[in-house]
Amino acid sequence: MSGLRLMAVHAHPDDESSKGAATTAKYAAEGNDVLVVTLTGGERGSILNPAMDVPGILDRIDEVRREEMAEAARALGVRQHWLGFVDSGLPEGDPLPPLPEGSFALVPLEEATEALVRVVREFKPHVMTTYDENGGYPHPDHIMCHKVSVAAFEAAGDPERFPDAGAPWTPLKLYYDHGFSIQRMEVFAEEFERIGEPFPMQEWLDRFRAMAAERGDIMGRVTTQIECGKYFPQRDDALRAHATQIDPNGAFFAIPMEMQQRLWPTEEFELARTRVRTEIPETDLFAGIREDEDARTALEDTTR
Ligand SMILES: [Zn+2]
């Protein structure tokens, strides 16, 4: 069935290609309308690929990142919209320096929420995805992305909230992307051990183990696994499109495609809010919506 709409909300250009990317490619390929909303322009990302650290790139980094994003969206087969806020950068040091003036994480929540509500009311997603309260990883823009997405999910259908931001639309489900699963990493580590080769992501595995010791494995929160191994090559093309951000020789590409498709062909999500009845565990972000056509039609009628 086509005609369903999925909105993936992300903090920076390249996040859409590293978190839930193959899932968006799959839903788009299956005839659904998929929109990536990128909250900031990624202006403060440094050049993380040595091959791109050449004269002329940093001077026009804003433009370069827009070109990269367009290429990544093409690779995934999705549409993309910039919300227009300014990257906060990842503060480093002890104590942490203050965030730069005007950056996204300092924008009042109401203001950022209204901007996203406007896009939700225009695109009318049935399902939205974002990050959990930890941001997936502790970047101030990722935490802010979580807050704004949850607030927009709650407010978009309420005619009293942001009356100047379009006609109300009630999205039905909200998910958190959970890409950093230690279980997944352990499966690959075991496979490398079995074939007698050193595990190329040992550093990540150690970091994940430390994180899991603190918070427990993220798999404990996962409600929904989407089978999308067939779309991993598109995910990797999208990642490589962000040439200034992703080193093609780096850890992202260290696990052979065949091994990923065979041993862990899914992406993981946590159902955070739902307005339809569904059964956990799920294998479809639209579960409960596809079946409940009456509910969909009723919702569309009231908001048309
Ligand atoms: Zn990011």
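This is a predicted model: local features need pLDDT of at least 70, side-chain atom pairs count only at pLDDT 80 or more; totals for chains, interfaces and linings use all residues.
Close-up 1. A residue counts as buried if 20 or more other C-beta atoms lie within 10 Å of its own, as exposed if 12 or fewer do, and as partly exposed in between, with C-beta atoms placed from the backbone. Helices (H or I, at least four residues) and strands (E, at least two) are DSSP runs, numbered from the N terminus.

Residues are numbered from 1 along each chain as its sequence is written.

**Close-up 2. The surroundings of L6.** Leaving aside neighbours within four places in sequence, L6 is in contact with T24, Y27, N32, V34, P125, V127 and L285. Two residues are in contact if their C-beta atoms, placed from the backbone, lie within 7 Å.

**Close-up 3. The annotated binding site.** Which residues does the UniProt annotation "binding site" cover? The unreviewed entry lists H12, D15 and H142. UniProt positions are given in the numbering used here, feature names are shortened, and annotations may be inferred rather than shown by experiment. These residues span 131 residues in sequence, yet no two of their C-alpha atoms are more than 9.6 Å apart, so they gather at one spot.

Close-up 4. H12 sits in the loop between strand 1 (5–10) and helix 1 (15–18). Because 26 other C-beta atoms lie within 10 Å, H12 is buried. Beyond its neighbours within four places in sequence, H12 is in contact with T38, T40, G42, G45, D87 and D141. H142 belongs to helix 5 (residues 140–155), and it counts as buried because it has 24 C-beta neighbours inside 10 Å. With neighbours within four places in sequence left aside, the contacts of H142 are A11, Y131, G135, G136 and Y137.

**Close-up 5. R44 in its loop.** You will find R44 in the loop between strand 2 (33–40) and helix 3 (61–76). Is R44 buried or partly exposed? It is partly exposed, because 17 other C-beta atoms lie within 10 Å. Leaving aside neighbours within four places in sequence, R44 is in contact with D87, S88 and G89. R44 and G20 are 24 residues apart in sequence and 23 Å apart in space, C-alpha to C-alpha.

**Close-up 6. Strand 7 and its partners.** Strand 5 (residues 173–177) and strand 7 (residues 266–274) run antiparallel, joined by 5 bridges; strands pair if DSSP finds at least two bridges between them. In this pairing, Y176 stands opposite E270. Strand 6 (residues 224–227) also pairs with strand 7 in the antiparallel sense, over 4 bridges, and there E227 stands opposite T266.

Close-up 7. The protein is divided into domain 1 (5–180 + 219–302) and domain 2 (182–216), with bounds from an automatic or database domain assignment. Their centres, taken over C-alpha atoms, are 25 Å apart. The contact takes 9 residues from domain 1 and 10 residues from domain 2.
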